[in-house]
Amino acid sequence: MTELGAAIRFLQFAGSRVAFAVSGEGPPLVAAAWWVSHLELDWRDEAFRSFWGSTAAGHALVRYDHPGTGMSDREVDPTTLTLDDEVALLGAVMDELGLDRASLVGGSSGGCAAIAFAARFPERVDRLLLYGTYAHGPSIAPPDVRGAIAAAVRAHWGLGSRVLADVFVGAEDGEARRRFVRDQRASAQAETAAALLELAYRMDVRPLLEQVRSPTVVVHRRADRAIPYACGRDLAGSIPGARLVSVPGDAHLPWVGDWMSVSRALGSFLTGTH
């Protein structure tokens, strides 16, 4: 498999080209797309590369950009996206690579797609790794807060990206904040970013949790500023046999702050050394 950054590949999905890439060699680990990403820009971040290099050591890491974001086609209608689309896209990426089975990692809103896929296609999932995620989007924040954040992104992407930097990164790491603001604005148009945020807020996988049969770990920072710790605790308590690992910190992005604690928790579960 090719190194991430060395070759970007594309697949056709719902009339749109979706960009994906693979890094490393070994058993496959597929990272479900979350909110807004960019395969090339993300990989330029040393902390991002270090986090994924450590977490996916000994595995072939597969990542992809949502339709409308990153290196995927930008001309899409993000308001039509649903959880079913998220699941179908994840399956399409696996099919394109000829993967009958893989371990899945779902962070933030990508966790919903990973959970739903694992519940619907248990025969295709080896292990399920969840970080900073949730089962019920409306539980993330009160309705007025969710609405205000999406409205800020839609009305003024520059302001909206700075608001989200406060939530996703926090105030301590100035360089990470600047990179987040710059890269998010380069990765999607304002309307697309707002629509995908609204999708994250409305997804609900609670009816599927008891159907998950893959070994599962839920890793959550105790003071996560974007997804409350209670969401992770409730999620772990509802998936049969799931293990909850609490780690310190308030940054939502796993590669910001003490990324090693997050990487160790996910990586050790992936390799069965937990």
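The legends below accompany close-up views of a predicted model.

**View A. The packing of helix 3 against helix 4.** Helix 3, which covers residues 83-96, packs with helix 4, which covers residues 110-120, at an angle of about 75°, and the axes of the two helices are 9 Å apart. Because angles of 65 to 115 degrees count as roughly perpendicular, helix 3 and helix 4 are described as roughly perpendicular to each other. On the side of helix 3, the residues in this contact are Leu-83, Asp-84, Glu-86, Val-87, Leu-90, Gly-91 and Met-94, and they meet Cys-112, Ala-113, Ala-114, Ala-116, Phe-117 and Arg-120 of helix 4. Sorted by class, the contact of helix 3 with helix 4 has nine nonpolar residues, one polar residue and three charged residues.

**View B. The packing of helix 2 against helix 10.** Helix 2 (residues 46-55) and helix 10 (residues 259-270) pack at an angle of about 25°, with 8 Å between their axes. Since angles under 35 degrees count as roughly parallel, helix 2 and helix 10 are roughly parallel to each other, and helix 2 passes helix 10 in a right-handed crossing. From helix 2, Ser-50, Phe-51, Ser-54 and Thr-55 meet residues of helix 10, namely Trp-259, Met-260, Val-262, Ser-263, Leu-266, Gly-267 and Leu-270. By class, this contact of helix 2 with helix 10 has six nonpolar and five polar residues, and no charged ones.

**View C. Leu-104 and the largest nonpolar core.** The largest nonpolar core has 100 residues, of which Val-30, Trp-35, Trp-52, Tyr-64, Leu-104, Phe-168 and Val-219 touch the most other members. When its neighbours within four places in sequence are left aside, Leu-104 is in contact with a set of residues that includes Leu-29, Val-30, Leu-90, Met-94, Ala-114, Phe-117 and Arg-127. In soluble globular proteins, nonpolar side chains tend to be buried together.

**View D. Ala-14, with a positive phi in a loop.** Although Ala-14 is not a glycine, it has a positive phi of about 50°. Ala-14 is found in the loop between strand 1 (9-13) and strand 2 (16-23), and with a relative accessible area of 76% Ala-14 is exposed, because the cut-off for exposed is over 50%.

**View E. Trp-35, with a positive phi in a loop.** Trp-35, a residue other than glycine, has a positive phi near 30°, and Trp-35 lies in the loop between strand 3 (28-31) and helix 1 (39-43). Trp-35 is buried, with a relative accessible area of 6%, since buried means under 20%.

Note on methods. Residues numbered from 1 in each chain as written. Predicted model: local features only at pLDDT ≥ 70, side-chain atom pairs only at ≥ 80, totals over all residues. Heavy atoms only, no water. Axes fitted to C-alpha atoms, helices over the stretch in contact; angles between N-to-C directions. Helix = DSSP H or I, 4+ residues; strand = E, 2+ residues; numbered from the N terminus. Parallel < 35°, antiparallel > 145°, perpendicular 65-115°, else oblique. Contact = heavy atoms within 4.5 Å. Nonpolar A, V, L, I, M, F, W, Y, C, P; charged D, E, K, R; others polar. Buried < 20%, exposed > 50% of the residue type's maximum accessible area, 1.4 Å probe, protein only. Left-handed = near helix turned anticlockwise from the far one by under 90°. Core = buried A, V, L, I, M, F, W, Y, C linked by side-chain atoms within 4.5 Å.
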